[in-house]
Amino acid sequence: MTQLPQSTERKMGLVIDLDTCVGCHACVISCKGWNTENYGAPLSDQDAYGSNPSGTFLNRVHSYEVQPDQGPAQLIHFPKSCLHCEDAPCVTVCPTGASYKRVEDGIVLVNESDCIGCGLCAWSCPYGAREMDMAEGVMKKCTLCVDRIYNENLPEVDRVPSCVRTCPAGARHFGDLGDPESDVSKLVAEREGMDLMPEMGTKPVNKYLPPRPKDQVEDQIDILAPLLAPVAEEPKGFIGWLDKALEKL
Amino acid sequence: MHPAPSVIIFTTLSGLGFGLLFFLGLGMPDVTGWVAFVFFVIAYGLSVGGLMASTFHLGHPERAWKAFTQWRSSWLSREGWCAVIALTVMGLYAIGAVFLGQKWSVLGVIGSVFSLATVFTTSMIYTQLKTIPRWNMKLTPALFLSFGLAGGALLAGQTRLAVPLLLIAATIQALYWWQGDKAFAKSGTNLGTATGLGSRGEVRAFEPPHTGTNYLLREFVHVVGRKHAEKLRIISFLLAFFVPVVLLFLPFNHFFALIAVVSHLAGVAVSRWLFFAQAEHVVGLYYGKR
């Protein structure tokens, strides 16, 4: 059904720490690796070894430069995948009922055998979270690794989305954002986690933790600095003569 | 947005076709027999031809029937229903008019209402998208409906109605461009809100996620054709409205009428091309593009 549930029992999602992300793209690769051989159709590549390669990815890492009014610019790595919105426009636009939001955990999924590949859900998503697979002709998106998180065949430590399990910097966290007592909710409260494009009214479940302020470089780096100033300001002796002679030329 | 030929052909042709069906259902022109047959063949050729073209951009056209299931929430599904109801009801009406010389006017009115509803639901597929500020305007349905009615009146040979309807459509088109050019800025979405980093300073896309292209860039970031947008607007305006109106003021003959229709069709197609090519999706912001 492409009508959204009134509410979901849990709001499973990701918290992404923009302060910690180092932009290594390991989450991109592990996501592609896991999801190309598990839930649904594989994530195909086109012209993978040719001059114009492209392919389906459920998670991509952008990098942005932020230039404050004063001080040096800051580089921020920015992983982006489906935000599993509470008011997901991609679900309601779907004409076939292929796109749906689960009542039990709020995960937005695509039933690929019902998808006609019209692309309207991708049009309606402000975040670019949905990509049409060119080989399969169906819409692919982040499943929050629905085939890992409840999978009792995996060791418990692995029952998190592949990107979270892989992140070497600990910049990705997984949990129930509907429960104010969960670790992820506390993290969001403490670090003032934010929504992307809140004006779109999508109410994203995934939150982004803003980068912490950087240390400010003072004018005077060290109290000893004045003592380290060059002692001889004007060259003397032979160098002084040479300097003057060259000036006159 | 990528101006896919399939959607341009679809919205252009089916808009005209359903516009013509609207007038035929109201008995304008009041025809039966062979003349009615020709009119209905043209109307069905355009509307069904357009609908067929729209299936070409689907990944799985063989499952298209499933699109009838979600009429409660999806405008695309509602469009499917309206189109099927309009074509079925008008088909029955056409049988009466062509073969039995009967005018089942109640059926005709129902068919007309659903023909117009089809054009409206098509326009709502685009209007509902907040992600594309240029489409997310009340003028979008007005644009589609006024084009459908003007083109329909022109095809139906309703010269008296066609002139004012063409002028109304021309006005809405001009307003649509004027308001549309400001829509993205007015939406308040920029790279700052997209990344949530806007309050910290000026945000610039530093490095894309990959060196090549991807589905999102191919589908949503189309900058190539915008270069000639101003010229194309003038061409579209002249072809869609100016030429037909001038021709309608000349003494009627079938050749002029044909030129007027072909010119209008070409003008609407150019307008539709611009409708897609100039539409900017907010996802482009993430890539530092519009």
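## Two helices in chain B

In this predicted model, the axes of helix 4 (residues 105-127) of chain B and helix 5 (residues 139-155) of chain B come within 8 Å and cross at roughly 145°, and the crossing of these two helices is right-handed. On the side of helix 4 of chain B, the contact is made by B:Leu116, B:Val119, B:Phe120, B:Thr122, B:Ser123, B:Met124, B:Tyr126 and B:Thr127, while helix 5 of chain B contributes B:Thr140, B:Pro141, B:Phe144, B:Leu145 and B:Leu149.

## The interface of chain A and chain B

The contact between the chains draws 61 residues from chain A and 58 residues from chain B. Together the two chains bury about 4700 Å² between them, of which 59% lies on carbon and sulfur atoms. Within chain A, the residues that lose the most area to chain B are A:Tyr64, A:Ile116 and A:Trp123, which together account for 17% of what that side buries.

## Polar links and the chain A side

Across the interface of chain A and chain B there are 2 salt bridges, and the side chains of A:Asp114 and B:Lys66 meet in a salt bridge with an N to O distance of 2.5 Å. Between the two chains, 29 residue pairs are in polar contact.

The elements giving two or more residues to the side of chain A that touches chain B are strand 4 (59-67), strand 5 (74-81), helix 3 (120-124) and strand 8 (131-132) of chain A. Strand 4 of chain A supplies the largest share of that side, 8 residues, and the residues of the side as a whole divide into 34 nonpolar, 17 polar and 10 charged.

Notes:
Residues are numbered from 1 along each chain as its sequence is written. Chains are lettered from A and ligands numbered from 1 in the order in which they are written. This is a predicted model: local features need pLDDT of at least 70, side-chain atom pairs count only at pLDDT 80 or more; totals for chains, interfaces and linings use all residues. Side-chain values use heavy atoms; hydrogens and water are left out. Axes are lines fitted to C-alpha atoms, for helices over the stretch in contact, and angles run from 0 to 180 degrees between N-to-C directions. Helices (H or I, at least four residues) and strands (E, at least two) are DSSP runs, numbered from the N terminus. A crossing is left-handed if the near helix is turned anticlockwise from the far one by less than a right angle, and right-handed if clockwise. Contact means heavy atoms within 4.5 Å. Buried area is the accessible area (1.4 Å probe) that two parts lose on being put together, summed over both. A salt bridge is a side-chain nitrogen of Lys or Arg within 4 Å of a carboxyl oxygen of Asp or Glu. A polar contact is a pair of N or O atoms within 3.5 Å; within protein, one must be able to donate a hydrogen and the other to accept it, and residues adjacent in sequence count only if both atoms are side-chain atoms. Ala, Val, Leu, Ile, Met, Phe, Trp, Tyr, Cys and Pro count as nonpolar, Asp, Glu, Lys and Arg as charged, and the others, Gly among them, as polar.
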